[in-house]
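Take a look at the fold below.

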Amino acid sequence: MAKKVTVSDMPDSVFIDNAGILGQLIKAKRTELGIKLADCAALCGVGINTLSRIENGNANCTLAAVFSVLNGLGIKLTSKELTSAAIPTSGGRKWI
């Protein structure tokens, strides 16, 4: 019988300010969806070892690999600054 995926907890942080928190978020989302590591890696187009390193907070993974995983799992990163910039003002968009 196949081993069931154990759901991981979401990070206990307000901000994603390091690779460890981002990795916890990715692992929590993957396990919440019930996707095994190997299946998720294939879905996202990255290697199993790469996905494992990302989930374990290895800061030396490429941004391309991280964004492949985020996109594959449907995780969208946003910030207050980007959200505010998307709202038109009378003078047009303002970049800080």
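**From the chain to helix α3**

Read along the sequence, the pattern is α-α-α-α-α. The model is predicted. The protein chain holds 5 helices and 0 strands.

Now the chain totals. Of the 96 residues in the protein chain, 29% are buried. The chain exposes about 7,000 Å². Carbon and sulfur atoms supply 57% of that area. Take the contacts with a separation of 6 or more: residues 24 or more positions apart account for 49% of them.

Next, helix α3. Which of its residues are buried? They are T50, L51, I54 and E55. These residues cover an arc of only 130 degrees around the axis, so they sit on the same side of α3. The buried residues of α3 pack against α1 (19–32), α2 (37–44) and α4.

Consider the pairing with α4. The axes of α3 (residues 48–55) and α4 (residues 63–73) come within 11 Å and cross at roughly 85 degrees. Angles of 65 to 115 degrees count as roughly perpendicular, which makes α3 roughly perpendicular to α4. On the α3 side, T50, L51 and I54 make the contact. On the α4 side, A65, V66 and V69 do. By class, this contact has 5 nonpolar residues, 1 polar residue and no charged residues.

Last, the end of the helix. G57 follows α3. The phi of G57 is positive, near 80 degrees.

Definitions and conventions
Residues are numbered from 1 along each chain as its sequence is written. This is a predicted model: local features need pLDDT of at least 70, side-chain atom pairs count only at pLDDT 80 or more; totals for chains, interfaces and linings use all residues. Side-chain values use heavy atoms; hydrogens and water are left out. Axes are lines fitted to C-alpha atoms, for helices over the stretch in contact, and angles run from 0 to 180 degrees between N-to-C directions. Helices (H or I, at least four residues) and strands (E, at least two) are DSSP runs, numbered from the N terminus. Angles under 35 degrees count as roughly parallel, over 145 as roughly antiparallel, 65 to 115 as roughly perpendicular and the rest as oblique. Contact means heavy atoms within 4.5 Å. Ala, Val, Leu, Ile, Met, Phe, Trp, Tyr, Cys and Pro count as nonpolar, Asp, Glu, Lys and Arg as charged, and the others, Gly among them, as polar. Buried means under 20% relative accessible area, exposed over 50%, partly exposed in between (1.4 Å probe, protein chains only). The arc is that of the directions from the helix axis to the C-beta atoms. Accessible areas come from the Shrake-Rupley method with a 1.4 Å probe; for residues, only the protein chains shown count as cover.
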